[in-house]
Amino acid sequence: MNSNDEEGIKYLEIVIKELVVKGEAPANVLDDSNSMLRWWRNLEQTKQEEIQNQVKIISQTSTVIPDNKSQPKKKIKETKNTCKACGNVWFYGKKEETENVAASLQNAGKALTCCSGCLPALFIPDKEVIDLNKCPKCGSKAIVKEEVIHEV
Ligand SMILES: [Zn+2]
């Protein structure tokens, strides 16, 4: 059974449920997909067409069955960097940017509070601050920044 069949059976089930409520189909038809299909195949042509039309309406309005594909995608904004010197391309997101700011603030704070009298801070290693305006490969500052949006 391929996914189209499964999709079709889902719609068929919805229609049959309605018919069961109306008393136009026996409730045991809903037991499993095989009995639904069997019931469907034994229907008169005109009844089949009628149901197919109903299914079409259901699938067009598509409010009955949630479609996973239509769920909003998560978007991630990143900065695309291209080095004009060596052609290196790299990305960084908001996370890296804020982490970098935090690291440089911490380093700056350490420089300010560190005098001969406050030793403990000296044992905290310097946090690495990546220069986001420099090519990590060749160190050139000739870079082109571009904002890109990824869908996940
Ligand atoms: Zn470079």
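How many helices and how many strands are there in the protein chain? I counted four helices and three strands. I took helices (H or I, at least four residues) and strands (E, at least two) as DSSP runs, numbered from the N terminus.

Before going on I noted what I was looking at. It is a predicted model, in which local features need pLDDT of at least 70, side-chain atom pairs count only at pLDDT 80 or more, and totals for chains, interfaces and linings use all residues. Residues are numbered from 1 along each chain as its sequence is written.

Entry: order of elements. I read the protein chain from the N terminus on and got α-α-α-β-β-α-β.

Entry: the sheet. I looked up which strands pair, where pairing requires that DSSP finds at least two bridges between two strands. The three strands form an open sheet in the order β2-β1-β3, with antiparallel pairing. β2 and β3 are the edge strands with a single partner strand each, so one side of each has no neighbour in the sheet. From one strand to the next the twist averages 30 degrees; the axes behind such angles are lines fitted to C-alpha atoms, for helices over the stretch in contact, and angles run from 0 to 180 degrees between N-to-C directions.

Entry: β1 with β3. I found nine bridges between β1 (residues 75–83) and β3 (residues 143–151), in the antiparallel sense. I76 has H150 in β3 as its bridge partner.

Entry: β1 with β2. Here I found five bridges, again antiparallel, with β2 spanning residues 89–93. E78 has G93 in β2 as its bridge partner, and T79 stands opposite Y92 in β2.

Entry: G87. Where does G87 lie? I located G87 in the loop between β1 and β2. The hairpin of these strands has five residues between them, and G87 takes a positive phi near 85 degrees there. Is G87 buried or exposed? I noted G87 as exposed, because 10 other C-beta atoms lie within 10 Å. The cut-offs are 20 or more other C-beta atoms within 10 Å for buried, 12 or fewer for exposed, and partly exposed in between, with C-beta atoms placed from the backbone. I also checked G87 against C135, 48 residues apart along the chain, and their C-alpha atoms are separated by 9.4 Å.

Entry: whole chain. I read that 4% of the 152 residues of the protein chain count as buried. Among contacts (C-beta atoms, placed from the backbone, within 7 Å) between residues at least 6 apart in sequence, 60% join residues at least 24 apart.

Note on methods:
Two residues are in contact if their C-beta atoms, placed from the backbone, lie within 7 Å.
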